[in-house]
Amino acid sequence: MRAIGLVALSMLMVGWSGCGNAAVRTADAATAADASPTIRLLVFSRTLGFRHDAIPAALEAVRDIGARLSWTVDSTEDAAAFSSANLATYDLVAFLMTTGDVLDDGQQAAFEGFIRSGRGYLGVHSASDTEYDWPWYGALVGAYFLRHPPITTAAIDVREPRHPAAAGLPARWVREDEYYTFQSNVAATAGIHVVLALDEDSFNPPAEYRMGDHPVAWYHQYDGGRAFYTALGHTQASYADASFRGHLEGALRWTAGVP
């Protein structure tokens, strides 16, 4: 009886004092309802081919960007993370310098479902040197890696200066990197938009590395989702560079579908 009496008294006190607090509680609930949900990013950096020594620096840069944006960032090299149930908890997945055949058939199917549900994919550098026997993935990235000349300094022309991945970049961006040549040219692929293109004449590579029109960063809508790829980011120094970090942040934001 005493316990019941205390509960009743407590309820009476809430009822008595609640008139003043009801508006506060209602406002708090409205604020919580209006708050944007945290973006959840899964970073995947498994390698079964060449492994870049820049991966730790790249992971640190992405975590820093995520913290600045108040995103949740998880990283893994465990392909078991590619289950339908686990992927459903994320808004986008970044393949960060992956190489080789990194997912089995079931994991590939789960990732295809993830993209078809309207989520996002970001590929960085050797993400195009990944999953050559999975045509769906090749179309998601846009093009597969073919070869590259030695690391060099070259000029990049910004084709879409208003894209978030180009925000703050000069119209002609001179930087050192490893510049990929691709098996196909996305400039001729319907629906793919080129953000950055390499000026081959700025470093005069041998003929086997030339593509003519030479895209190095692009985006498109693919199979219900969003996909962005940047061929840049081979070097550790890239991830300490403010301009490159800005490029990466803009690519992540576009892929997540946030301003």
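A: Gladly! Let us begin with how the elements get their names: helices and strands are DSSP runs, numbered from the N terminus. With that naming, T98 is found in the loop between β3 and α4. One thing to keep in mind throughout is that this is a predicted model.

Q: How many helices and strands does the protein have?

A: The secondary structure comes to six helices and 11 strands.

Q: Since the model is predicted, which element has the lowest mean pLDDT and which the highest?

A: The general idea is that pLDDT gives the predictor's confidence in each residue, from 0 to 100. Here the mean over the protein is 89, and 86% of the residues reach 70 or more. Among the elements, helix α1 (residues 2–34) has the lowest mean, 36, while β4 has the highest, 99. Over residues 1–35 the pLDDT stays under 50, and for that stretch the model has two contacts beyond four places in sequence.

Q: What share of the residues counts as buried?

A: Of the 259 residues, 48% count as buried. Among contacts between residues at least 6 apart, 73% join residues at least 24 apart.

Q: Which residues have the most contacts inside the largest nonpolar core?

A: That core has 78 residues, and those with the most contacts inside it are F95, F111, Y121, Y137 and L196. Take F111 as an example: leaving aside neighbours within four places in sequence, F111 is in contact with F82, L87, V93, F95, Y121, W134, W136 and L140.

Q: F111 is part of a helix, I think. How do I read a helix?

A: Start with the general idea. An α-helix has 3.6 residues a turn, so residues three or four places apart point the same way. Now the case: α4 covers residues 105–116, and its 12 residues reach 17 Å from first C-alpha to last, close to the 16 Å expected. Its buried residues are Q107, Q108, A110, F111, E112, F114 and I115. These buried residues pack against α3, β3, β4, α5, β10 and β11.

Q: What span should α6 have, and what are its ends like?

A: Helix α6 takes in residues 242–256; at 1.5 Å a residue, its 15 residues should span 21 Å, and the end C-alpha atoms are 21 Å apart, which agrees. At its start, a side-chain oxygen of D241 reaches to within 3.2 Å of the backbone nitrogen of S243. Just after α6, G257 takes a positive phi of about 75°. Among the buried residues of α6 are F244, L248, W254 and A256.

Q: What can Y90 show me about loops?

A: Y90 is found in the loop between α3 and β3, and it is buried, with a relative accessible area of 5%. Its contacts beyond four places in sequence are R40, L41, L42, D74, F114 and R119. With D74, the side chain of Y90 makes a polar contact to the side chain, at 2.6 Å. Y90 and A256 are 166 residues apart in sequence, and their C-alpha atoms are 9.9 Å apart in space.

Q: Which loop holds E131, and which one holds D223?

A: E131 is found in the loop between β4 and α5, and D223 in the loop between β10 and β11. Each is a residue other than glycine with a positive phi: near 55° for E131 and near 50° for D223. E131 is buried, with a relative accessible area of 2%, whereas D223 counts as partly exposed at 33%.

Conventions: Residues are numbered from 1 along each chain as its sequence is written. This is a predicted model: local features need pLDDT of at least 70, side-chain atom pairs count only at pLDDT 80 or more; totals for chains, interfaces and linings use all residues. Side-chain values use heavy atoms; hydrogens and water are left out. A nonpolar core is a set of buried Ala, Val, Leu, Ile, Met, Phe, Trp, Tyr and Cys residues joined through side-chain atoms within 4.5 Å. Buried means under 20% relative accessible area, exposed over 50%, partly exposed in between (1.4 Å probe, protein chains only). Contact means heavy atoms within 4.5 Å. Helices (H or I, at least four residues) and strands (E, at least two) are DSSP runs, numbered from the N terminus. The expected span of a helix is 1.5 Å times one less than its number of residues. A polar contact is a pair of N or O atoms within 3.5 Å; within protein, one must be able to donate a hydrogen and the other to accept it, and residues adjacent in sequence count only if both atoms are side-chain atoms.
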